[in-house]
Every structure is written in structure tokens, then in C-alpha cells.
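The exercises below ask the reader to follow a chain step by step, with a worked solution after each task. Please look at the sequence and the model first, and then go on to the tasks.

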Amino acid sequence: MFKLLIVEDVRTVREALLHAVDWGKMGIQLLGTASNGEEALALIEREAPDLLLTDIGMPRMNGLELIEKVKERYPDIRCIILSGLNEFEHARQAIKLQVLEYILKPINPEEIERVMAAAVGDLLRQQEERREKAAAEQVIKEAMPNLSQTLSLDEWTGSLKKKKLVEQAISYIKSSYNRKELTLSDIAAAVGISDKYLNTLVKEVTGMTANHMIIRLRMEEAAKLLKDPVNRIYEICEKIGYADQDHFRETFKKQYGLTPTEYRNRLL
């Protein structure tokens, strides 16, 4: 559930807001209320709400001053103004502070529900984007285990769409790299982009082409299979998608500096 803090200096209005809507049904946990900006700021620092519903005209620190401080310290908090002041200057400042919504009093439960539902939807979308980003980063890290952990995916590519395309391409490669007939066109078709664009994206994100990634995965699998003497080299060659043993041997030596036979003998 998302946490909400209500800030309002008039006690009767605060009480009315508490019971205006079924907060729990909307997926919102009501942290409580504050009567002014200073009190609210202390609660925010302690409770870290996701949503802030605040009046403007309050003593000690008004709502706009509160939102300005909140945006400086906690930019992810969604701020909503509830005010009886329908003034252009206040609306202008609210826009400048990236306030999610400006609701006019008197309290209209249906309007509050509509605004809060939109705010919750916005937070849910943000959560989903973060999950997608984390999943994409994990896929890249698994495909590129030696890649510096200090680099974020945002440094490799500029958009969520690119990240998702590369994630899909790598997933397809990992599930199909042992197919003899696997081609760049197959991967591109699975992702829904052209061969050239696929190669550009994969290289931009991982530092290697799709074909190099296929080779790397095949050689890593071959190295694992060579550890078991039961697996014959020609069988390993077939299992990882090579029809030509000479080609397999040359590629393996280029990757590990040893032929498959030499690599196996070193393990024995």
C-alpha cells in the first residue's frame, strides 16, 4: 500500500478528509494528519510517505513552502494541493513545483477519489518501470558477468524501449544459442526489429555483437561439458550447435587459448 499524509490547519476539515473516502480500498495507508508545514515536514522525514495532500494557507509554513522543501529532499513524493484559494499565482507556483493536482474546496469525496486513484496509478507505473529496469539490468549482468557493476543500464542506453529490446534479444539468444541454424535474422525477427538495428543495440548495451554473444555462450557451455569425460568432443560439438569439428576447435582455442582436447587434459 502507498502511504498518505494529510496536512490541513482546520481541524474539522482534517477530520472530514480522514473519512471522506475508503483509503484502504484504494490501496492507500493513511499515516495521519498534520496541522502545519513544519509538523508535516517532521512526519515526512520520519514516515517517508508516497503521497502528500496539503492545504496552502497554513501558519508557520504554508503548503507551497512545504511542497518546495519536500521536492528538494524527496522528489518522488506525489504532492496534491487541496485549497479554497482559486488564485492564479498559487496555481502558477503549483505548476512550477510539479504538483500532481490542485483540488478546490469544499471537499468533494468523488473528486478526491478520482485524483487519488490517478496518483496511485502513477506510483504503480513508476514501480513497474523500476522492476523492468532492474530485470533488464540483471539480464545484462548475467550475459556479461565481467561487466563493471558500477555501470548502470542508463549509461549504456537512453530509453526503456531499447533496454527491453536488448533484454528480449539476450533471452532469445540464451534459449536458442545451441541451434545449428540460428542466425542474426532469427533473433531480429523474434524481437521485431531489423538485423542491423539489433546488432547496433546489442553492441551498444553489451559491448559485443549478437554473433559474438552466441559464440561466447556456446564456448562457455562447451567448457562445462568438457569437464565430464563421458561427453565426447564430437558430441559436445553437436550439442552446442556446431556441425564442423574443425571450426569448433578453432573457435574454442581462440576463446580459451587451448584446443578442446588440451583443455580437457588440463582438467584431468
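Ala48 counts as partly exposed because its relative accessibility is 44%, where buried means under 20% relative accessible area, exposed means over 50%, and partly exposed lies in between, with a 1.4 Å probe and protein chains only. The model is predicted, so local features need pLDDT of at least 70 and side-chain atom pairs count only at pLDDT 80 or more, while totals for chains, interfaces and linings use all residues. Residues are numbered from 1 along each chain as its sequence is written, and side-chain values use heavy atoms, with hydrogens and water left out.

**Exercise 1. Work out which strands pair with E3, and how its two faces are placed.**

First take E1, which is joined to E3 by four bridges, the two strands running parallel; two strands pair if DSSP finds at least two bridges between them. Within this pairing, Leu51 in E3 is the bridge partner of Leu4. Next take strand E4 (residues 78-83), which pairs with E3 in the parallel sense over four bridges, and in which Ile81 is the bridge partner of Thr54. The chain passes from E3 through H3 to E4 in a right-handed β-α-β crossover, meaning that, with the strands pointing away from the viewer, the path from the first strand over the helix to the second runs clockwise. For the faces, recall that in a regular strand the side chains alternate between the two faces of the sheet.

**Exercise 2. Describe the loop between E5 and H5 through Pro106 and Asn108.**

Pro106 has its place in the loop between E5 and H5, and the peptide bond leading from Lys105 to Pro106 is cis, with omega near 5 degrees. Asn108 is found in the loop between strand E5 (101-104) and helix H5 (109-143), and counts as partly exposed because its relative accessibility is 39%. The C-alpha atoms of Asn108 and Val21 are separated by 9.8 Å, although these residues are 87 apart along the chain.

**Exercise 3. Which helices each supply at least two residues of the lining of the largest pocket?**

The answer is helix H10 (210-226) and helix H12 (245-256). A pocket is defined on a 1 Å grid over the protein atoms alone, as an open set of points where a 1.4 Å probe fits, with protein on both sides within 12 Å along at least five of seven lines, and lining residues have an atom within 4 Å of a point. The lining consists of His212, Ile215, Arg216, His247, Glu250, Thr251, Lys254 and Gln255, and H12 gives the most, with five residues.
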